[in-house]
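Please look at the structure shown here before reading on. The paragraphs that follow take it part by part.

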Amino acid sequence: MYVAVKGGERAIANAHALLAKEGRGDPGLPRIEHRAVAGQLAVLVARVMTEGSLYDRELAARAILQAQGDALEAITLVRSYRTTLPRFGYTLPVDTAALPPQRRISATFKDLPGGQQLGATFDYTHRLFTDRDTSGPRAPEVVSPPEMPRVTDLLGASALIEPVPPAGADDPEPGDLTREPTIFPMSRAERLQALSRSDEGFLLGLAYSTQRGYGGTHPFAGEIRVGEIEVEFEAPELGFAVPLGRIELTECQMINQFRGSADTPAQFTRGYGLAFGRSERKAMSMSMVDRALRAAEFGERITAPAQDEEFVISHSDNVQATGFVEHLKLPHYVDFQAELGLVRQLRAEFRERAADEPAAPDPELILAEARA
Amino acid sequence: MSTGLDGYNIGYLDEQTKRMIRRTLLKAVAIPGFQVPFASREVPMPRGWGTGGVQVTAAIIGPDDVLKVIDQGADDTANAVSIRSFFAAVAGVRTTTRTDEATIIQTRHRIPETPLADGQTIVYQVPGPEPLRFLERRETETRRLHALADYGLMYVKLYEDIAKYGHIATTYDYPVMVNGRYLMAPSPIPSFDNPKMHRSPALQLFGAGREKRIYAVPPYTDVESLGFEDHPFEPQRFDEPCAICGSTGVYLDEVITNDKGGSMFVCSDTDHCERAAAALTGADPQEVIA
């Protein structure tokens, strides 16, 4: 009995064997190959890459399979591998204005240089179960995509939107939360990194809360673009940039109201979101939370959770959150025993006090006496 | 030495990370009880399952070390087994369940009953490194309170306990003052274990992975559990001995034996219990647990 209460090596081995068996499903059906996952579940793969902070489709697909489709478990797998990789330095900033978009939309202008391009989107699909033809669109691909300047740059030209980086500021080095301790308050660069690793659902909820009055930022989707871009790295021993490969990105620039202050004329402000692969919901939510977190910068009153840096950043990482919530499964015998002892003691003291005190007079009796 | 895990460094973490953690540890030892921020890495366990302790152990463990891992005082709880087998695989070290044989003891929620000795290191897994967190939720603010040694909040909380219940009503993670300067969370060990921290000959290291903090108590350092002159700190006590080995003055787990309210009390420290029971019968300790 006593031994059975405590776990043991055999229990763990058996549990893992059972898990692997469950994950295999019906052995009469073929096993899903990770390349099939990378190709057919690309949106899920993008999420695992984004929140796992590692751009590797094949690895993310393997993680999804090993995790039996549990996104957070897959993200944890990817992160635990990523952290063991050596770091050589930073790549050059990617120029998303030059990103040849597979998709590019703006909700602020009907037409704009380069035009709108719907691309591969679930928008405007009817959510009905169908088997769609997968042979692709009929129209020929655009051979040389037109120039597509960023919407925010168009606004910036007439100073209607805050400049980035702020006028007079030098280009700050990017922070890296995975290599440096997290200290509040954070720089915006660090905050953006934290947000891009954050849980999509959590950011979605926070972004939604700002639309419902909890720290409103009045956002407009200035521009959302999705496409593949080359990543370059400047190796110090070479002295010039070498391309490392191409990555697919989703970028969202949210445009927000700012009424101006005593020393700043009215101007639009920005919220920024960037994620790997096709991750539009994530990029949009991120840009809204980014803007909400800039409240102090614009002298706005901080009243809502989405505006509170410590609250948002400390709770948005799903690897941390799920780990700590689920750690409640671990034994807490010792602490519970301590609390059990305390509750018993408090109850005993309560009974002693009750026994010592003279019985409270019966209110009926007092009333009767008063009447008499 | 082969680690048994292809593609991973000895002790899992890469050497740069180990160096970063060791630097953090040096700072932590130099300022007893002060929480040093560190760039906590992911490890292959979930956050909240001992990732801070695992990183500290990974950074200090070497081929000559003998590792003991306990959870709730026991060597055979699933999480302790899991972490022990992780280090056996990635660091290739010898493991033990005997407190006196271990050079490094990683623990969750307990300090072993067998007194720790000079040269031993105990690594605590810490869920919440900030003792003031539930009184002041902001990190920027608690950092300031520590800088000013402004611990009034905690004393007020303990005073309110006394006003309400007649005694302090904190039973685990009972706050301690280290070296007369920093208020420190001892991790959720029962207050029963607090006195063992005071001037312990062992090096005590604390790792909070999710919260990204490391702190330390060097050997022979004062660790005083908070209290008042008229209401001094009182660790919890048990009235009965262990039902298996008969030990008294040890921490006990209550094991429910039936659905009629029946229960028995047994040692939480399995190593201590096995050896005490063996001493009773004169049998080999391994046979007692079999």
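Two strands pair if DSSP finds at least two bridges between them. Helices (H or I, at least four residues) and strands (E, at least two) are themselves DSSP runs, numbered from the N terminus. This is a predicted model, in which local features need pLDDT of at least 70 and side-chain atom pairs count only at pLDDT 80 or more, while totals for chains, interfaces and linings use all residues. Residues are numbered from 1 along each chain as its sequence is written, and chains are lettered from A and ligands numbered from 1 in the order in which they are written.

Begin with a sheet in chain B. Strand 6 (residues 176-178) of chain B pairs with strand 10 of chain B in the antiparallel sense, over three bridges. One residue of this pairing is B:Val178, whose bridge partner in strand 10 of chain B is B:Val223. The pair belongs to an open sheet of three strands in chain B, with the order 7-6-10 and antiparallel pairing. Strand 7 (182-184) and strand 10 (223-225) of chain B are the edge strands, each pairing on one side only. From one strand to the next, the twist averages 35 degrees. Strands of a sheet pair through backbone hydrogen bonds, either parallel or antiparallel.

The domains of chain B come next. Domain bounds come from an automatic or database domain assignment, and for chain B this gives domain 1 (15-225) and domain 2 (252-289). Their C-alpha centres lie 27 Å apart. In this text, two residues are in contact if their C-beta atoms, placed from the backbone, lie within 7 Å. By that rule, 12 residues of domain 1 of chain B touch five residues of domain 2 of chain B. For residue classes, Ala, Val, Leu, Ile, Met, Phe, Trp, Tyr, Cys and Pro count as nonpolar, Asp, Glu, Lys and Arg as charged, and the others, Gly among them, as polar. The domain 1 side of this contact in chain B has two nonpolar, five polar and five charged residues.

How do the two chains meet? Contacts join 46 residues of chain B to 44 residues of chain A. On the chain B side, helix 3 (78-90), helix 4 (139-147) and strand 11 (252-256) are the elements that give two or more residues. Helix 3 of chain B provides the largest share, four residues. By class, the chain B side has 20 nonpolar, 13 polar and 13 charged residues.

Chain A is divided into domain 1 (12-82) and domain 2 (96-121 + 144-317), with C-alpha centres 29 Å apart. Their contact takes 10 residues from domain 1 of chain A and 12 residues from domain 2 of chain A.

Now turn to two helices of chain A. The axes of helix 4 (residues 42-52) and helix 5 (residues 57-66) of chain A come within 9 Å and cross at roughly 105 degrees; axes are lines fitted to C-alpha atoms, for helices over the stretch in contact, and angles run from 0 to 180 degrees between N-to-C directions. That makes the two helices of chain A roughly perpendicular, a term for angles of 65 to 115 degrees. Among the residues making the contact are A:Leu44 and A:Val48 of helix 4 and A:Ala60 and A:Ile64 of helix 5. The residues of this contact divide into eight nonpolar, one polar and one charged.

A:Ala67 lies in the loop between helix 5 and helix 6 (71-82) of chain A. Leaving aside neighbours within four places in sequence, A:Ala67 is in contact with A:Glu73, A:Ala74 and A:Leu77.

Note on methods:
Angles under 35 degrees count as roughly parallel, over 145 as roughly antiparallel, 65 to 115 as roughly perpendicular and the rest as oblique.
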